[in-house]
Amino acid sequence: MTDEPVPVAAPRVVSLYNAANALTVLRLILVPVFLAMVVASQMTDHDWRIGACVAFCVASATDFVDGWIARRWHLVTSFGKIADPIADKALTGTALVLLSAYDQLPWWITVVILAREWGITALRFWVIRYGVIPASRGGKLKTGLQTLAIAWYLWPVPEPFDVIGTWVMYAALIVTVVTGVDYVIEALRLRRAARLA
């Protein structure tokens with residue numbers, strides 16, 4: 001009597017054309033739109049500033065929604081894994097550079113935040129063969145604070161309420177640096193554990 005082969009379920013293929021990836025692409029498309037609006041505003045025209053702020057907020061919202069959709073309906077793709085962080089960094093980086101270029105934000109803050117963002121992205125690729133470093137709660141708080149601070153700078157907030165944006169940005173900066181250190185420690189632990197295994 002011979003054993004009959006046990007059928008094996010074919011791996012689920014996720015289409016590249018799905019809602020999560022579409023939102024990521026939309027975020028990438030909104031980056032030059034946002035840039036053009038800020039340049040048109042020169043950070044002096046209220047209407048263009050409001051438009052730029054709305055574009056930035058819509059693009060930022062897609063970051064939260066596309067990740068939720070991808071996890072909820074199992075639509076994670078290799079394209080999404082690569083394009084999503086690139087879209088995030090492009091949007092935030094463009095906003096910070098523009099704010100500094102128009103003397104709204106000190107350059108050193110922009111440099112510190114961007115160095116952390118791109119450094120952690122590089123770090124994730126460095127240890128990817130040992131494991132994945134998931135986004136922490138601190139990382140999500142960092143993203144939320146950065147988004148709120150940038151939006152506050154973009155919107156023509158009247159004095160004295162405009163100073164709130166400065167304090168939110170300093171809070172975002174602190175969380176950005178602290179979580180960056182945490183990610184470095186986690187990456188080193190992950191690498192050490194993989195070597196000892």
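Q: What should I know before I start?
A: Residues are numbered from 1 along each chain as its sequence is written. The model is predicted, so local features need pLDDT of at least 70 and side-chain atom pairs count only at pLDDT 80 or more, while totals for chains, interfaces and linings use all residues, and side-chain values use heavy atoms, without hydrogens and water.

Q: What is the average pLDDT of the protein?
A: pLDDT is the predictor's confidence in each residue, from 0 to 100. Here the average is 88, and 91% of the residues score at least 70.

Q: How many helices and strands are there?
A: Both are DSSP runs, numbered from the N terminus: helices are H or I with at least four residues, strands are E with at least two. This protein has six helices and zero strands.

Q: What percentage of the residues counts as buried?
A: Buried means under 20% relative accessible area (1.4 Å probe, protein chains only). Of the 197 residues, 41% are buried.

Q: Which residues have the most contacts inside the largest nonpolar core?
A: Such a core is a set of buried Ala, Val, Leu, Ile, Met, Phe, Trp, Tyr and Cys residues joined through side-chain atoms within 4.5 Å. The largest has 30 residues, and F34, I150, L154 and M169 have the most contacts inside it. Helix α5 gives the most to this core, with six residues.

Q: Which residues is M169 in contact with, beyond its neighbours within four places in sequence?
A: Contact means heavy atoms within 4.5 Å. With those neighbours left aside, M169 touches L96, L105, I109, I113, A149, I150 and Y153.

Definitions and conventions
Buried < 20%, exposed > 50% of the residue type's maximum accessible area, 1.4 Å probe, protein only.
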